[in-house]
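Thank you for giving me a few minutes this morning. Please have a look at it first.

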Amino acid sequence: MNFQDQPVKSWKASYKLTWNDFKGKPQLQTGAAAITASGISFGFSITETDSHKVVDFTTEVHAHFYPEQSWYIPEQATNTILGHEQLHFDITELFARKFRQRISKLKISNNIKQELKALHKTINKELAVCQNKYDSETDFSRSFEAQLQWKLYVEAELKALEDFELKE
């Protein structure tokens, strides 16, 4: 999906999603009570010499929430489900931090563009696997025990990678 021209919310430690952030039209046929559309936005620029030798690069990595693609069914909305959806966004931020960490280990080379693109592809695959595992293990928020375990795990992982958080 391409959400480029749509409004986004960037992840912030000081802000938790509320139901008001979910602006999309509910898709009743999915069987879900709510859907969080989030992802990692990534851009980079490369500085080259006249002889096309790469001498520097910069990157931007953001965890974004897409309000127009996110929705909930008001009659089914509970604090438990909202907590589950908030954690989906936190998981997106966790993988944005992992991405920034991996980028920080890259060395400048003429292959940097390919390395960055490959890393982006890898991190997106890992993020998708983690999001699916989270839904599966928590039974889409219905397992309170698993939900709590995931919340504690994600909080600890975010703390471990706080050096790679974008400062507000």
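Predicted model: local features only at pLDDT ≥ 70, side-chain atom pairs only at ≥ 80, totals over all residues.

**Overall layout**

The secondary structure of this chain comes to three helices and five strands, where helices (H or I, at least four residues) and strands (E, at least two) are DSSP runs, numbered from the N terminus. Residues are numbered from 1 along each chain as its sequence is written, and side-chain values use heavy atoms, with hydrogens and water left out.

Read along the sequence, the pattern is β-β-β-β-β-α-α-α, and the C-alpha atoms fill a box of roughly 60 × 35 × 30 Å, taken along the principal axes. Of the 168 residues, 38% count as buried; here buried means under 20% relative accessible area, exposed means over 50%, and partly exposed lies in between, with a 1.4 Å probe and protein chains only. If we take the contacts with a separation of 6 or more, 78% of them come from residues 24 or more positions apart, a contact being heavy atoms within 4.5 Å.

**The sheet**

Let me turn to the strands. There is an open sheet of three strands in the order E1-E4-E3, with antiparallel pairing, and two strands are said to pair if DSSP finds at least two bridges between them. Strand E1 (9–10) and strand E3 (38–48) stand at the edges, each with a single partner strand, so one side of each has no neighbour in the sheet.

How many bridges join E3 to strand E4? There are 11, and E4 covers residues 54–65. Within this pairing, Phe42 has Val61 in E4 as its bridge partner, and Glu48 stands opposite Val54 in E4. The two strands form a hairpin with five residues between them, and His52 in the turn has a positive phi of about 65°. On the E1 side, two bridges join E1 to E4, and Ser10 stands opposite His64 in E4.

Leaving aside residues up to four places away in sequence, Pro7 touches Phe65, Tyr66, Pro67 and Glu68.

**The helices**

Helix H1 (residues 79–104) has 26 residues and reaches 37 Å from its first C-alpha to its last, close to the 38 Å expected at 1.5 Å a residue, the expected span being 1.5 Å times one less than the number of residues. H1 is mostly covered, with 20 of its 26 residues buried.

Helix H3 (residues 144–160) can be checked in the same manner: its 17 residues should span 24 Å, and its end C-alpha atoms are 24 Å apart, which agrees. Which residues of H3 are buried? They are Ala146, Gln147, Trp150, Val154 and Leu158, and seen down the axis they fall within an arc of 100°, so they line one face of the helix; the arc is that of the directions from the helix axis to the C-beta atoms. As background, an α-helix has 3.6 residues a turn, so residues three or four places apart point the same way. The buried residues of H3 pack against H1 and H2, whereas on the other side of H3, Phe144, Glu145, Lys159 and Ala160 are exposed.

My last stop is the end of helix H2 (residues 112–138), where we find Thr138. Is Thr138 buried or exposed? Thr138 is buried, with a relative accessible area of 0%, and, again not counting residues up to four places away in sequence, Thr138 touches His84, Ser143, Ala146, Gln147 and Trp150.
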